[in-house]
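Here are my notes on the model you sent over, as numbered points. Have the viewer open while you read.

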Amino acid sequence: MSDFNTPVPTAQKPISDRRDSQVMLSRVANSLYWMSRYIERSENVARLLDVNLQLMLDFADLNDQQLKEHWLPILCSAGDEETFFRLYERADSESVTEFLTFREENPNSIISCLFTARENARQVRDQISLEMFEALNECYLFLKSKNAREVWQSGAHEFYEQIKKYSHLFQGITASTFTRSEGYEFMNIGKFLERADKTTRILDIKYHILLPSIADVGGAVDAAQWQAILRSASALEAYRKFHVEDILPKKVAEFLIFSTTFPRSIRACMQRLDEDLHCLSGKERREYRSPEERAFGKLLSDLNFLTIDEIQNSGLHQFLQGVQTVLDRLDDHIYQEYMYHPPVDIQAEILLHQQQMQQQQ
Amino acid sequence: MLIDRYEPEDFFDEMFADKVTVRPHYGRIAERLQILDQAEHRRKQTAVDLAFMRSGVTFTVYNDDQGTERIFPFDLVPRVIPDSEWRRIEKGLIQRITALNLFLHDIYHDQKILKDRVIPPHYILGAKHFRREFMGFNVPKDIYIHICGTDLIRDRDGNYLVLEDNLRCPSGASYMLENRAALKRAFPDLYRSARVQPVDNYAAELRKVLQYVSPPSLGTSQPNVVLMTPGVFNSAYFEHAFLARQMGIPIVEGRDLVVRDAKVYMRTTSGLVPVDVIYRRIDDDFLDPTVFRPDSLLGVPGLVHAYRSGNVSLANSIGTGVADDKVVYYFVPKMIKYYLGEEPILPNVGTFLASEPEDRVFIMENLGKLVVKSANEAGGYGMLMGPWASREEIESFREQIRANPRNFIAQHPISLSRHPTWCGEGFEGRHVDLRPYILCGEKTTVTPGGLTRVALRKGSLVVNSSQGGGSKDSWVLYGDS
């Protein structure tokens, strides 16, 4: 008796016979991944805003157009300019920082990132340590209180320091209280994917900045901006340890792309990702299980062999975009492989089980 | 000092035998309260509240789109029960749950208790939560109620009475555990010197119970045990996550589970993984849209089929609700006599059934003096408190009772015992009840103490958290003082 209108239950993933306490729900993996990713994101946004607000102090008396030229690339780097111009007319220090800090309409504002991270933590409260939840919850309660805006208004720097501290505290607590298990891998992947992506975007900001004039290249403004790029990636001091000379654009790019020792460089993040990916897949090193993982492996190997000159010759902006694409596809692959399950059509399921029950009676 | 001004008034007071005499088991607390001043109390209370808020020991307020989370108000003065008194309570609770499990087995099999006319059959067969489709079905180890939270109150003379059996998904055990942890932090010296029986075993015992009832087909393999929650928006979500964490088991929602060939699987990062035992914190009606409410999105299609096929165990079993129907409650003392041949150790509150003609006449004539409850409501809803009700409320209940007498019972108001409770500036008497937690597995255990709920509003008898109730830590001493 088959009716072609009858809904057919969707095929599910294969059955495993695991009976051990290490199994992890896909939903949980997804929540851990995003919790970690959003915390990392909030920290990066906080640093970016803090640095640029301070940078602005060096450039008094900017007109509207100049302000816009400064802030627009930062908005672009977060990919939210459309939402921004729906809410604000002018892109200046006030509006951009408010938008990236407090606006809940912006899913990537600091407040949205941390609220989402906390909601994800609530979903997996049974999986994370009490200390981790408490650290994140404290941050949430702070942001929910009136106090948050007061701190921000009386001194934005203190506010962003506080946000960075919450992120560092959370990561430190995670390192010292969380079991090294599958969940830890998902959190790491979320963190390092986000960090690598944000480093590409911070580096790319200079591409978007329309220089005031050719004469300024290599001038005071240019140097200050490159210094701000380094500070936005928390890399200024690390950079200085390697390069005693002035801050040179090429050296900055090289450092933020290739350093194997600085933990926020693209290469260092990808090396960590590589380890975590292999832990998850259980494959041998240098074995990759999908086109997305292979593309990732290829990029990592490029980072091992390319030089900054080669990248510059073929275009830094294009290269960074290429990295972002590989990371995006990796994110999608991880979702498909570990977190996604075919949706269940409730009506089809009900029908299926009613039939099975009748057959048994 | 603060406690010297306390006025027990004309109630049974847990702490004071009369205005000047402290009961012996409260001796140490009285000494400590003697030296407690307002400032110290405020400091301790703030510290406790902040700790609850920070660690998210909260419930979600319904009908609030802000998703507001509140802490369950916690009163610092613990409620104390001497050991000998507790032993009697424990015996009474075990007696009661034993009889209730026998009753459930009986009515889903031979229905002897109905045939012997101890309970008129129509009360059971017509009960809202009687699951006819589970007649003849065998649950693992014949245990229907694995987890029970029984509400006890004390009358004017201090006698313990059973007010309600909560046999479906009783909640609050996490607060019992969190309250204890908070009190130990607030009064470490007092706690140590008082010699209190610990409660920390609850989660471990619960896990043992869940493993004990794993499907027989599994043999000696370790079962995959999970806790099933309606989700993060449920007001008791904190408790679900808390218990899952304490037991080290995954917490799942309906959408994490799928049934294939009458077996339940969870959707994991390694594909579908079998589930053997489900501690479900979700009512029968929402378990499986195939069988119960088709509109339920919380449940899992096919779950009941898997359960009936013996491939998955549920705690509590399906169909226990018939035994905590407030009309069936009336018959529990008779069940104890019928199945165990014993006198009930813990009596019921005197109850009248609106569907019995004689009782109904009495109820209708005395509506203004009685407490009327609907048979299947919980959380303090669907209740008429006659002596405090308006004329309109009384008439509305009169109509409802006339229309559907099976749905109502009435009880004499019991003026619940009172307990010194902090009320802003000092201690005042507030009404309390006690919900001990009983676990039924290889053996039946009762965690010493339980959750003491306190009606924080002056004069109120309603202790439910949804209606202005708070809670206290509950101490069972190793001795009697």
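Which residue takes a positive phi in the hairpin of E17(B) and E18(B)? Point 1 has the reply.

1. The residue is B:Gly424, with a phi near 85°, and the hairpin has four residues between its strands. Helices (H or I, at least four residues) and strands (E, at least two) are DSSP runs, numbered from the N terminus.

2. A word on conventions before going on. This is a predicted model, where local features need pLDDT of at least 70, side-chain atom pairs count only at pLDDT 80 or more, and totals for chains, interfaces and linings use all residues. Residues are numbered from 1 along each chain as its sequence is written, while chains are lettered from A and ligands numbered from 1 in the order in which they are written.

3. Strand E17 (residues 418-422) of chain B runs antiparallel to strand E18 (residues 427-435) of chain B, and five bridges join them; strands pair if DSSP finds at least two bridges between them. Across the pairing, B:Arg418 sits opposite B:His431 in E18(B).

4. E17(B) is mostly covered, with five of its five residues buried. Buried here means that 20 or more other C-beta atoms, placed from the backbone, lie within 10 Å of the residue's own. In a regular strand the side chains alternate between the two faces of the sheet. On E17(B), B:Arg418, B:Pro420 and B:Trp422 point one way and B:His419 and B:Thr421 the other, all of them buried.

5. Also in chain B, look at the open three-stranded sheet with the order E8-E9-E10 and antiparallel pairing. Strand E8 (257-260) and strand E10 (271-274) of chain B are its edges, each pairing on one side only. Neighbouring strands are turned by 45° against each other on average, direction ignored; the axes are lines fitted to C-alpha atoms, for helices over the stretch in contact, and angles run from 0 to 180 degrees between N-to-C directions.

6. Zooming out, chain B has 14 helices and 22 strands. Its radius of gyration is 23 Å, close to the 23 Å that the globule rule gives for 481 residues, so chain B is as compact as a globular protein of that length. The radius is taken over C-alpha atoms, and the rule is 2.2 Å times the number of residues to the power 0.38. The C-alpha trace of chain B spans about 70 × 60 × 50 Å along its principal axes, and 49% of its 481 residues count as buried.

7. Now the interface: 36 residues from chain A meet 36 residues from chain B, where contact means C-beta atoms, placed from the backbone, within 7 Å. On the chain A side, H1, helix H5 (110-123), helix H6 (130-144) and helix H17 (346-360) each give two or more residues. H17(A) has the largest share, seven residues. That side divides into 14 nonpolar, ten polar and twelve charged residues. For the classes, Ala, Val, Leu, Ile, Met, Phe, Trp, Tyr, Cys and Pro are nonpolar, Asp, Glu, Lys and Arg charged, and the others, Gly among them, polar.

8. Last, chain A itself. The assignment gives domain 1 (24-178) and domain 2 (196-209 + 220-340); such bounds come from an automatic or database domain assignment. Their centres, taken over C-alpha atoms, are 22 Å apart, and 16 residues of domain 1 of chain A are in contact with 14 residues of domain 2 of chain A. H1(A) gives the most to the domain 1 side, nine residues.

Key
Contact = placed C-beta atoms within 7 Å. Buried ≥ 20, exposed ≤ 12 C-beta atoms within 10 Å, placed from the backbone.
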